[in-house]
Amino acid sequence: MAVFRDRLLVPEANAIPVASILPLEIAALAEPLSVAANVLSRTGCTADDTVLIYGAGTVGITVLQVAKMFGARCIVADPDAARLERARSFGADVTLRTGHDDVPAAVAGELDGLGPSVVIDGAGVPALLAEACRVAAPAGRIGLLGFSPDPTPVIQQRIVSKELTLVGSRLNRRLLPQVIEWLENGRLRPAAMITQTFAAADARAAFDLVENHPTQTVKVQLAFA
């Protein structure tokens with residue numbers, strides 16, 4: 001598959017029109033935002049929910065933006081203080097520093113003591129699933145976005161007794177047109193996600209930055225013009 005080109009031939013059905021008012025660098029963010037839209041669709045997120053998001057990297061920040069657009073209350077947990085500061089700039093109602101704050105205790109009072117109604121694992125840490133099951137409200141929904149192949153202990157009794165719903169989410173489920181519309185009408189304003197832009201000729205340096213200093217980036221883009 002050809003990638004990182006200024007022109008690419010694709011089937012017409014795969015091409016999504018973008019209004020001229022939408023800068024291409026913002027339109028490029030539709031793909032990660034559509035993944036966030038998908039997991040929140042699968043977990044049925046609405047304005048009535050309190051959403052606990054594990055991870056304030058790219059995945060967590062996109063989930064945060066879409067959940068806030070829906071009107072949900074959002075709590076973000078991450079071990080990195082700088083990432084949490086960024087989450088606050090994107091509208092997080094509460095931020096918790098994993099390893100310093102007691103996350104289960106901090107979220108236990110949500111929704112009149114029931115706990116968060118939606119929990120999203122945007123960190124991909126296997127141990128978080130057990131904690132998510134523990135902190136989620138009765139009839140809560142848990143969305144998993146991590147890719148770790150490692151096993152995790154899950155107590156079946158907790159899932160059944162609380163009637164929890166667990167969903168895996170990976171793709172955008174054809175939500176790109178909807179996300180493009182949100183970007184065009186200003187319901188989503190993700191420009192601050194673009195932390196670095198490199199000329200296409202400097203792609204190697206861009207990849208080195210992402211691989212070696214991930215906490216310094218959210219989205220790194222290549223400019224072909």
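Helices (H or I, at least four residues) and strands (E, at least two) are DSSP runs here, numbered from the N terminus.

## About the model

This is a predicted model, in which local features need pLDDT of at least 70 and side-chain atom pairs count only at pLDDT 80 or more, while totals for chains, interfaces and linings use all residues. Residues are numbered from 1 along each chain as its sequence is written, and side-chain values use heavy atoms, with hydrogens and water left out.

## A surface patch

Let's start outside. Phe224 sits in the segment that follows β8 (219-223). Together with Phe4 and Phe207, Phe224 makes a nonpolar surface patch with about 300 Å² of accessible area. Accessible areas use the Shrake-Rupley method with a 1.4 Å probe. Phe224 counts as partly exposed because its relative accessible area is 37%; buried means under 20%, exposed over 50%, and partly exposed in between.

## Nonpolar cores

Now inside. A nonpolar core is a set of buried Ala, Val, Leu, Ile, Met, Phe, Trp, Tyr and Cys residues joined through side-chain atoms within 4.5 Å. The largest one has 40 residues, and Val51, Leu64 and Val66 have the most contacts inside it. Helix α2 gives this core its largest share, seven residues.

Contact means heavy atoms within 4.5 Å. Leaving aside residues up to four places away in sequence, Val51 touches partners including Cys45, Ala67, Ile75 and Ile120. Another core, of 16 residues, lies apart; among them are Tyr54, Ala77, Leu96 and Val119.

## Helix α7

In α7 (residues 127-135), the buried residues include Leu128, Leu129, Glu131 and Val135. The buried residues of α7 pack against β1, α5 (103-107), β4, β5 (141-144), α8 (156-161) and β6 (165-168).

Key. Buried means under 20% relative accessible area, exposed over 50%, partly exposed in between (1.4 Å probe, protein chains only). Patches are made of residues with over 30% relative accessible area and no salt bridge: like charges are joined within 9 Å, nonpolar side chains (Val, Leu, Ile, Met, Phe, Trp, Tyr) within 5 Å. A salt bridge is a side-chain nitrogen of Lys or Arg within 4 Å of a carboxyl oxygen of Asp or Glu.
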